[in-house]
Amino acid sequence: MTYRLQTINNTGTIMLVGCGGTGGFVAEGLCRLLIGRRHRLYLVDHDRVEEPNLGRQNFIKADLGHFKAEVLARRLAAAYGRQIEYLIRPIEQLALEDRGDLTIGCVDNARARRRLQYAGRYTMGGYYSYCRYGGWYIDAGNGEYSGQVLIGNGLLTNLGHSFNPASGTCSTLPLPTIQQPALLAPAPKKRRAVDCAEAIAADEQSPVINQAMAALVLTFVHKLLTGSLDWMGAYLDLASGNLTTVPATPEAVSRLTGLSVNLLIEKVKKQ
């Protein structure tokens, strides 16, 4: 059976975190997708445009030295005639009230992902525990020629009765880091970590992988907004030309989490 993810309110907030390699192209694509819609759009990135970004990211020479989120927000607001808000605070300073109904993470490190996917922490008996992330979270990540886009919004304890056979909808999926725990793995220490622009300049990343990933992210967003998204993940490989999608089904979630299918499906009440 096919399940569609519950969409977000047409006045909800969409937040894009990371406006560099993939995020800069996602930002412009979102403006196109949101034409005629009333969603609020936030761009978040505290990095400034640098020389290696030119030609590889969605920036021009006049942008050098300016904040990426601010440059894109001003340019796209003028081009598409909509209000676009931006934040130039580090990810670590994002508060619960900053979150969007849909948050898109185009970041390239485990620390940023960990911060983005959880709403906050509360203390109980002296121990810290992560709270459930409320809105949908889309995580995009890539390597040299390949990448993945994952969507989720809940911890293992939140997944019960996530799938409703009567309506054919899914309300909760495991967070991307539950689907792929390696996303939170520490970066290898054998060599200095580089950002996307440096990786491309060093021939360690395809010059078109970010545009390809942005298109895949935007496909997720479009399908989610139109109520037709029935994937929980997608894996792209430019070298082989393959795109593999993971359906959002109780069986797929069960394989990932070890939870029983019966627990994941909402029981239909007999009339």
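This report covers the aromatic pairs and the charges over rings in a predicted model.

## Basis

The model is predicted, so local features need pLDDT of at least 70 and side-chain atom pairs count only at pLDDT 80 or more, while totals for chains, interfaces and linings use all residues. Residues are numbered from 1 along each chain as its sequence is written, and side-chain values use heavy atoms, with hydrogens and water left out.

## Aromatic pairs

The whole structure holds 2 aromatic pairs (rings of Phe, Tyr and Trp, the last by its six-membered ring, with centres within 6.5 Å; planes under 30 degrees apart are stacked, over 60 edge-to-face, the rest tilted).

Tyr3 and Phe163 pair edge-to-face, with 5.0 Å centre to centre and 75° between the planes. This pair links distant parts of the chain, 160 residues apart: Tyr3 is in the segment before β1 (4-5), and Phe163 is in strand β10 (residues 163-164). Strands are DSSP runs of E with at least two residues, helices are runs of H or I with at least four, and both are numbered from the N terminus. Tyr3 counts as buried because its relative accessibility is 4%, and Phe163 because its value is 1% (buried is under 20% relative accessible area, exposed over 50%, partly exposed in between, with a 1.4 Å probe and protein chains only).

Phe220 and Trp231 also pair edge-to-face, at 5.4 Å centre to centre and 65° between the planes. Phe220 belongs to helix α6 (residues 209-225) and Trp231 to strand β12 (residues 231-237), 11 residues apart. Both Phe220 and Trp231 are buried.

## Charges over rings

Lys223 lies over the face of Trp231, 4.9 Å from the ring centre. Arg48 lies over the face of Phe67, at 3.9 Å from the ring centre. Such a placement requires NZ of Lys or CZ of Arg within 6 Å of the ring centre and within 35 degrees of the ring normal.
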